[in-house]
Amino acid sequence: MSDSTPAVEGATPLLEMRQVNTHYGAVHALKDVNLAIYAGEMVCLLGGNASGKSTTLKTLLGMVKPSSGQVVLDGEVVNDRSTAYRVERGVTMVPENRRLFQRLSVRENLQLGAYLRNDSAGIASDLEWVFELFPRVKERLSQKSGTLSGGEQQMVAIGRALMSRPKVLLMDEPSMGLAPALVKQNFELIEQIHAAGLTIFMVEQNANMALSIADRGWVLQTGRVVLDDTAENLLTHPDLRASYLGEA
């Protein structure tokens with residue numbers, strides 16, 4: 001057990017990778033990766049381009065099947081389970097570059113986030129929560145999503161993910177494509193959602209920003225976890241500071 005593992009005796013991770021190897025043909029993308037995400041945490045996965053960050057998310061979501069090892073969701077091995085099954089069980093992602101349905105309205109995008117649910121009262125309640133978090137989203141409900149600013153699109157993308165009522169929210173490069181002035185605002189939004197009790201696993205290249213709000217972090221290089229520690233320790237780690245990540 002590393003120093004960064006939460007000191008909760010007998011706690012079961014919400015989402016876990018155990019000795020996972022993932023291949024794309026002959027390319028060995030993930031190499032014996034171990035990750036554990038516990039309820040209530042905000043944790044981040046850092047790494048440069050081609051480090052394996054996106055493959056990690058795809059493997060957790062079931063878009064890519066590991067060639068060996070296990071993906072475990074709330075105690076259940078889900079290697080052979082579909083992405084839809086994992087979403088139903090509480091894993092949802094805010095994708096890189098938001099990926100909203102540009103021609104659909106904000107309301108329609110939010111409704112799509114709840115497509116696997118049939119609890120109309122719960123859906124209505126969660127929609128009100130999204131409006132509380134992001135008042136600007138409520139103001140733009142009838143507007144086509146493609147006409148929104150980058151910051152507004154990010155709010156809608158997060159809101160859409162929240163409408164699935166996730167146990168674990170995966171975020172793929174949340175700062176990507178945002179103007180520098182919006183990056184800080186975006187991370188403040190993420191902090192706000194985490195403060196509401198949501199467990200968050202964030203993949204980011206902006207190491208300093210991600211670690212400033214996270215509890216723990218891992219650093220991935222060429223498919224291997226090379227550092228695993230508290231966010232506070234990683235921020236001052238000499239190997240991290242000397243690497244590409246330290247320049248973020």
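1. In what order do the four strands of the open sheet run, and is the pairing parallel or antiparallel? The order is E2-E1-E4-E5, and the pairing is antiparallel. Strands here are DSSP runs (E, at least two residues), helices are DSSP runs too (H or I, at least four), and both are numbered from the N terminus. Two strands count as paired if DSSP finds at least two bridges between them. The edges of the sheet are E2 and E5 (76–77), each of which pairs on one side only.

2. A word on the basis of this note. The model is predicted: local features need pLDDT of at least 70, side-chain atom pairs count only at pLDDT 80 or more, and totals for chains, interfaces and linings use all residues. Residues are numbered from 1 along each chain as its sequence is written, and side-chain values use heavy atoms, with hydrogens and water left out.

3. Start with E1 (residues 15–24). Seven bridges join E1 to E2 (residues 27–37), and the two run antiparallel. Met 17 has Leu 35 of E2 as its bridge partner. The two strands make a hairpin with two residues between them. Gly 25, in the turn, has a positive phi of about 65°.

4. E1 also pairs with E4 (residues 68–73), antiparallel, through five bridges. Val 72 has Val 77 of E5 as its bridge partner.

5. The structure holds 14 salt bridges (a side-chain nitrogen of Lys or Arg within 4 Å of a carboxyl oxygen of Asp or Glu). One of them joins Lys 65 and Asp 80, with the closest N and O atoms 2.6 Å apart. Lys 65 lies in the loop between helix H1 (53–61) and E4, and Asp 80 in the loop between E5 and H2, so the pair ties together parts that are 15 residues apart in sequence.

6. Now the domains. The domain assignment (bounds come from an automatic or database assignment) gives domain 1 as 13–90 + 166–248 and domain 2 as 96–163. Their C-alpha centres lie 23 Å apart.

7. How many residues of domain 1 are in contact with domain 2? The count is 21, and they meet 14 residues of domain 2. Contact means heavy atoms within 4.5 Å. About 1,400 Å² is buried between the domains, and carbon and sulfur atoms give 68% of it. Buried area is the accessible area (1.4 Å probe) that the two parts lose on being put together, summed over both. In domain 1, Met 176, Leu 189 and Ile 193 lose the most area to domain 2, together 29% of what that side buries.

8. On the domain 1 side, H2 (83–88), E7 (168–172) and H7 (180–195) each supply at least two residues. H7 gives the largest share, six residues.
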